[in-house]
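Please look over the sequence and the model shown here before reading on.

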Amino acid sequence: MIVCEVGLNHLGNEKYSSMYLKSLSNTNCDAITYQIRESKFYKREEYKNYELSFEHYDKLKKSTNKKFGIALSNSDLVTECENVNVDFYKVLSWDLTNYNFIDKLLNNTEKPIYVSTGTSSVEDLDSFFNRYNNNDRINFIHTQLTAKPEDANLRAIPFLKNKYPYGVGFGNHSENLNIILASVPFEPQDIWFYVKGADYDWRYHPDEFWGVPLSDVDSLIQNITIVESSLGSETKTSINEKGY
């Protein structure tokens with residue numbers, strides 16, 4: 001599954017937000033996510049106008065044939081998200097140890113849950129697994145919350161796949177977008193990347209430096225597909241089309 005994350009890059013403007021949804025609905029991505037943060041986040045001066053209404057999310061969900069997910073940080077809004085009938089939830093990395101929140105998602109919804117591991121240690125992940133075992137609704141997303149390409153640690157993808165019984169995807173936070181293509185040989189279950197529109201109201205997007213421009217989304221997805229097709233099998237085969 002290729003997931004395009006609008007996150008908070010809608011800048012709190014419903015018209016701009018709808019533009020994202022319309023544009024992404026015409027790409028070859030599989031899913032689109034928006035991010036809803038905790039109440040105190042929207043009290044910060046720089047984000048005080050970033051909160052979208054659930055009426056708007058409902059319109060977005062109904063206007064696309066793509067899967068529609070919410071990266072949710074506010075456990076009080078699970079019912080509202082269910083009323084929108086979101087297709088899946090993303091748990092942000094700092095909530096991986098917020099078991100009350102994850103219990104609520106598991107108990108009050110029937111949707112897949114994708115848990116970001118960005119700020120987690122192996123000990124955190126072991127504790128998580130000891131609590132939830134092999135629940136088939138849970139998936140991990142390997143990501144590192146740093147823009148430096150050398151910190152991407154892509155070898156953690158097979159490590160997580162071998163250690164835990166969950167699907168493991170890759171979420172990009174690197175400013176070098178080639179890291180997305182570099183993740184493909186590690187065979188993540190899903191690839192998540194942020195997207196951004198053109199300049200809007202002379203403001204940076206919150207996920208500006210690792211956001212893929214909307215105009216480049218299909219080209220990136222095509223390149224992901226090409227890299228996937230190049231991996232082949234683990235057996236050496238002979239292909240000679242040169243006639244010698």
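Is K90 buried or exposed, judged by its relative accessibility? In this predicted model, K90 counts as buried, its relative accessibility being 5%.

The partner of K90 is E5, and the two form a salt bridge in which the closest N and O atoms are 2.9 Å apart. E5 is buried as well, with a relative accessible area of 3%, so that both members of this pair fall under the 20% limit that marks a residue as buried.

## Other salt bridges

Ten salt bridges are found when the whole structure is searched, and two further examples can be described here. One of them joins R37 to E38, with 3.0 Å between the closest N and O atoms; R37 is buried at a relative accessible area of 12%, and E38 is buried at 18%.

The other brings together the side chains of K111 and E82, at 3.3 Å from N to O. This pair links distant parts of the chain, since K111 sits in the loop between α4 (99-108) and β5 (113-116), whereas E82 is in helix α3 (residues 78-84), 29 residues apart. K111 counts as buried, with a relative accessibility of 13%, while E82, at 24%, counts as partly exposed because the limit for a buried residue is under 20%.

In soluble globular proteins, nonpolar side chains tend to be buried together. The largest nonpolar core of this model has 63 residues, and within that core Y34, Y57 and F193 touch the most other members.

## The buried face of helix α6

Helix α6 (residues 156-163) has A156, I157 and L160 among its buried residues. Viewed down the axis of α6, the buried residues fall within an arc of 105°, and they therefore line one face of the helix. As background to such an arrangement, an α-helix has 3.6 residues a turn, so residues three or four places apart point the same way.

The surroundings of this face can also be named: the buried residues of α6 pack against α5 (122-132) and α7 (178-183), and likewise against the strands β6 (138-142) and β7 (167-171).

Technical notes. Residues numbered from 1 in each chain as written. Predicted model: local features only at pLDDT ≥ 70, side-chain atom pairs only at ≥ 80, totals over all residues. Heavy atoms only, no water. Salt bridge = Lys/Arg side-chain N within 4 Å of Asp/Glu carboxyl O. Buried < 20%, exposed > 50% of the residue type's maximum accessible area, 1.4 Å probe, protein only. Helix = DSSP H or I, 4+ residues; strand = E, 2+ residues; numbered from the N terminus. Core = buried A, V, L, I, M, F, W, Y, C linked by side-chain atoms within 4.5 Å. Arc of directions from axis to C-beta. Contact = heavy atoms within 4.5 Å.
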